[in-house]
Amino acid sequence: AVQDQFKVPAGAGHGTENDEELFLASMGIYVFNRDALFGLLGEENRDFGKHVIPKALKTHKVQAFIFDGAWEDIGTIRNFFDCNLELTSGVPRFNIFDMTAPVFTRPRFLPATKINGGHIERALVADGCILDEGTLCDCVLGLRSIIRRGSRLKRAIIMGNDYYEKTPEDGSERPAGLPRMGIGENCFIQEAIIDKNCRIGDNSIIQPNGRPDQDHDLYYIRDGIVIIPKNAVIPAGTVI
């Protein structure tokens, strides 16, 4: 069983004022001998924490590996959001540039990201993006993301696009009035996740403003974050 260790400050638990008490939490990662696992499983012994591990302690050699690296449970929108944005910090806990533990992704052979101007602070930008004189601060941009002139993004995750939209010169069939794919001109987006293939019209404002969780035809709010679902169309001038 792989376990993550964490400390509780003095006074928060049973520790003294000068000490921190160490706790272990299961990360839910287990390595079993195949035959041993089959022998431990039964019709009613299906839960690892409740059945399999306690049973194995009595009959098998069980050891814990103490993991002290970066690990987070991203089971909520807030955790997913914060963990991704943490990667934009100067020295994140999880270093994706550590060559002793390289991170590999599928090669997509996209063109390099094109930056026509603007201002960028602490951002991760994937391949094939087009940034046209906007402002990015603490942002993650996925493949083929398009940010148009004058738009400002702060603490935002843009999932990107699965394809490039045809231009009128290429025979575009985009209906009249439909915003172009990507983030339009002069938009402001903060504390938001924009899913893939979204069309955000010009002069739109997207921010949660402390509102509680809610569902809307155009968006969702969860954990203080605005979520624009995949393939959504946000008309020009929309204020969220």
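**Figure 1. Cysteines of the chain.** Cysteine 198 is buried, because its relative accessible area is 3% (buried means under 20% relative accessible area, exposed over 50%, partly exposed in between; 1.4 Å probe, protein chains only). Cysteine 129 also counts as buried, at 1% relative accessibility. The model is a predicted one: local features need pLDDT of at least 70, side-chain atom pairs count only at pLDDT 80 or more, and totals for chains, interfaces and linings use all residues. Residues are numbered from 1 along each chain as its sequence is written, and side-chain values use heavy atoms, with hydrogens and water left out. How many disulfides are there? The count is zero, where a disulfide is a pair of cysteine sulfur atoms within 2.5 Å.

**Figure 2. Serine 204 in its loop.** Serine 204 sits in the loop between β12 (199–200) and β13 (205–206). Helices (H or I, at least four residues) and strands (E, at least two) are DSSP runs, numbered from the N terminus. Serine 204 counts as buried because its relative accessibility is 1%. A polar atom of its side chain lies 3.3 Å from the backbone oxygen of proline 235. Such a polar contact is a pair of N or O atoms within 3.5 Å; within protein, one must be able to donate a hydrogen and the other to accept it, and residues adjacent in sequence count only if both atoms are side-chain atoms. Neighbours within four places in sequence aside, serine 204 is in contact with Asn186, Cys187 and Phe188, and also with Ile234, Pro235, Ala236, Gly237 and Thr238. Contact means heavy atoms within 4.5 Å.

**Figure 3. Aspartate 202 in the β12–β13 loop.** Aspartate 202 is found in the loop between β12 and β13. A polar atom of its side chain lies 2.8 Å from the backbone nitrogen of glutamate 185. Glycine 184 is 18 residues away from aspartate 202 in sequence, yet the two are 4.4 Å apart in space, C-alpha to C-alpha. Leaving aside neighbours within four places in sequence, the contacts of aspartate 202 are Arg180, Gly184, Glu185, Cys187, Ala236 and Gly237.

Figure 4. Helix α2 spans residues 48–59, and its buried residues are Val52, Ile53 and Ala56. They fall within an arc of 85° seen down the axis of α2, so they line one face of the helix. The arc is that of the directions from the helix axis to the C-beta atoms. Lys50, Leu57 and Lys58 are exposed on the other side of α2. The buried residues of α2 pack against α1 (34–40).

**Figure 5. Helix α3 and the strands it meets.** Phe81, Cys83 and Leu85 are buried in helix α3 (residues 77–86). Which strands do the buried residues of α3 pack against? They pack against β7 (134–141), β9 (152–158), β11 (188–194) and β16 (225–228).

**Figure 6. The whole chain and its confidence.** The protein chain has three helices and 17 strands. Of its 240 residues, 30% are buried. Among contacts between residues at least 6 apart in sequence, 42% join residues at least 24 apart. The mean pLDDT is 87, and 88% of residues reach 70 or more; pLDDT is the predictor's confidence in each residue, from 0 to 100. Over residues 10–16 the pLDDT is below 50, and this stretch has eight contacts in the model beyond near neighbours in sequence.
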